[in-house]
Amino acid sequence: MGKIVLASNNKHKVDEFRKLFGKYEFLTLKDIGFFEDIAEIGMTFEENSLIKAQTVSDFCKKKGIVATVVADDSGLCVNALNGAPGVYSARYGGDHDVDAARKLLLKEMEGKKDRSAYFQCVIVKMSPDGNYVCADGKCFGKITDKPYGDAGFAFDPIFLSDDLNKTFAQVSMEEKNAVSHRARALEDLRTKWDF
């Protein structure tokens, strides 16, 4: 298969991919010398994933790196907030400020009866020739009244998983990986791309 470049430097994300696809070596953006900011200007998770994949694929071509690029975009969608934070999840409450994001979301959910929400992940796998496939995964749950648990990251402590009946921050990485939006997107990707 050659090299697989994961279009991210996010340690949590890289760890998840490595645990789910342990037999492959994933290179990060840092590993290939990519230090640019990628403008995530898409209106959907799919659009943002495609932007990332194309940008990194173009970079690889310029550097003479023959690689398959895997890019994803994901976020939390809250039904009572018309799908927010959605594609803005990482910048909700400030750029990658997860504490501020959790506090803002809990404040906006005050008094809301409908606390249903879902995490969504869209993964794009782009071959060196520019052909690509998209995969999608969702996991459903509810927004809690306050954070529970000390594992996980971002919105995990306030997302009560329907599958686990615990927040993602109250379970192990293995338990979360079994039902997470990223795991389900990767399963969808497996059906479309022979790993």
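In the model, which is predicted, the side chains of Lys 52 and Glu 40 meet in a salt bridge, with 3.7 Å from N to O; a salt bridge is defined as a side-chain nitrogen of Lys or Arg within 4 Å of a carboxyl oxygen of Asp or Glu. The pair links distant parts of the chain, 12 residues apart: Lys 52 belongs to helix 2 (residues 45-63), whereas Glu 40 sits in the loop between strand 2 (26-27) and helix 2. Helices (H or I, at least four residues) and strands (E, at least two) are DSSP runs, numbered from the N terminus. Residues are numbered from 1 along each chain as its sequence is written. Local features need pLDDT of at least 70, side-chain atom pairs count only at pLDDT 80 or more, and totals for chains, interfaces and linings use all residues, while side-chain values use heavy atoms, with hydrogens and water left out.

Lys 52 counts as buried because its relative accessibility is 7%, where buried means under 20% relative accessible area, exposed over 50%, and partly exposed in between (1.4 Å probe, protein chains only). Glu 40, with a relative accessible area of 28%, is partly exposed. A salt bridge also joins Lys 52 to Asp 73, the closest N and O atoms being 3.5 Å apart. Asp 73 lies in strand 3 (residues 67-78) and Lys 52 in helix 2, so this pair ties together parts that are 21 residues apart in sequence. Both Asp 73 and Lys 52 are buried.

The side chains of Asp 156 and Lys 176 form a further salt bridge, at 2.8 Å from N to O. Because Asp 156 lies in the loop between strand 5 (132-143) and strand 6 and Lys 176 in helix 4, the pair ties together parts that are 20 residues apart in sequence. Asp 156 is buried at a relative accessible area of 3%, and Lys 176 is buried at 4%. Through shared partners, salt bridges join Glu 40, Lys 52 and Asp 73 into one network.

Asp 156 is also among the residues touched by Thr 167, as are Tyr 148 and Phe 159, not counting residues up to four places away in sequence; contact means heavy atoms within 4.5 Å. Thr 167 lies in the loop between strand 6 (159-161) and helix 4 (173-179), and counts as buried because its relative accessibility is 0%.

Leu 186 is placed in helix 5 (residues 181-192). The buried residues of this helix include Ala 185, Leu 186 and Leu 189.
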